Amino acid sequence: MSFFKIILPLALSTNMALAADTTKNVINGVAVESIKKNDARTYVGTISKDFSTSIGNVVKSVVNFNEKCNNSLKDRREFTDKKANCKYHNESLVETITIKNINKTGWTKETNEIERYLLARHIYNRGKFHHYELIRVYEKMNSKNQKTIIITQTMLDDKEVKKYTNPKFDKDSAFDQVTSTFTITEVSPNQTNLNYQYKAITDHWMLNKEVSVPQVFASMSKGINDLIKAMDQESRTPMRDVAAN
């Protein structure tokens, strides 16, 4: 996910809780947290959402990665059709390439893992950025014997990418580590719960400053709410296969 747009000024919220090197807030239903340790800052955003639809439809609304981008940035696309329109808005995302034909050697599936593939991401935010993400899908029963699908999205460094594919570009990102985790639980055949967490670690000189925290919080909240809105809309459409490039 690409949530950050740090160029807009934002006043500090009066209900922001400050404790030592930790800052917490809740913005439009998203719990956001910043943790400063040594020279790095960790940003975390979490939300829980109930969907009145099947678990399959909610999973579908997560993995339609190619349908999420900023259409106003289509002229900046390098690898995908510049005339195509994304169905759902993602502020800084130019394009995504889904790579399911990955190398089968050099790694092994983890417990309960049912699928693994890559995303190649092209981002524009006052400059051009690229990175690869590893998607892993797990299926299990939770302690209440409810079907649970967990989808993790992890930004890779260049060495890790080469285990899976021949990269089209090197990593260029303001963040050292980024992970997203979707925990999707089947409450009933037509009721599904999502717990979502976004976590990013950076030592970037601007994003690391305390003065940038409220701006990043605002971007995280907006980006996560945009994601949930897109998931809600997509999960209401008929089930179909998501095409990969």
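Is D226 buried, exposed or partly exposed? With a relative accessible area of 25%, D226 is partly exposed, where buried means under 20% relative accessible area, exposed over 50%, and partly exposed in between (1.4 Å probe, protein chains only). The structure examined here is a predicted model, in which local features need pLDDT of at least 70 and side-chain atom pairs count only at pLDDT 80 or more, whereas totals for chains, interfaces and linings use all residues. Residues are numbered from 1 along each chain as its sequence is written, and side-chain values use heavy atoms, with hydrogens and water left out.

The protein chain contains 3 helices and 12 strands, the helices (H or I, at least four residues) and strands (E, at least two) being DSSP runs numbered from the N terminus. Of its 245 residues, 47% count as buried. The accessible surface of the protein chain comes to about 12600 Å², of which 49% belongs to carbon and sulfur atoms; accessible areas come from the Shrake-Rupley method with a 1.4 Å probe, and for residues only the protein chains shown count as cover. When contacts (heavy atoms within 4.5 Å) between residues at least 6 apart in sequence are considered, 60% of them join residues at least 24 apart.

Charged pairs were examined next. Side chains of opposite charge can pair when their charged atoms come close. With a salt bridge defined as a side-chain nitrogen of Lys or Arg within 4 Å of a carboxyl oxygen of Asp or Glu, the count comes to 11 salt bridges. One of them joins the side chains of E234 and K60, with an N to O distance of 3.5 Å. Since E234 lies in helix α3 (residues 213-235) and K60 in helix α1 (residues 55-63), this pair ties together parts that are 174 residues apart in sequence. Both E234 and K60 are buried. Helix α1 itself has 8 of its 9 residues buried, so it is largely enclosed by the rest of the structure; the buried residues of α1 are I55, N57, V58, V59, K60, S61, V62 and V63.

A salt bridge also links the side chains of R136 and E110, at 3.1 Å from N to O. R136 belongs to strand β9, while E110 is placed in the loop between β7 (93-99) and β8 (113-124), so the pair ties together parts that are 26 residues apart in sequence. R136 is buried, with a relative accessible area of 15%, whereas E110, at 39% relative accessibility, counts as partly exposed.

An α-helix has 3.6 residues a turn, so residues three or four places apart point the same way.

The side chain of E133 makes a polar contact of 3.3 Å with that of R121 and a polar contact of 2.8 Å with that of Q153. Such a contact is a pair of N or O atoms within 3.5 Å; within protein, one must be able to donate a hydrogen and the other to accept it, and residues adjacent in sequence count only if both atoms are side-chain atoms.

K171 is placed in the loop between α2 (158-161) and β11 (177-188), and is partly exposed, with a relative accessible area of 27%. Although K171 and H131 are 40 residues apart along the chain, their C-alpha atoms are separated by 4.6 Å. Leaving aside its neighbours within four places in sequence, K171 is in contact with H130, H131, M155, L156, D157, D158 and D176. A polar atom of the K171 side chain lies 3.0 Å from the backbone oxygen of D176.

Two asparagines have a positive phi, a value noted here in residues other than glycine. For N38, in the loop between β3 (30-37) and β4 (40-51), phi is near 55°, and N38 counts as exposed at 67% relative accessibility. For N145, in the loop between β9 and β10 (147-156), phi is near 60°, and N145 counts as exposed at 58% relative accessibility.
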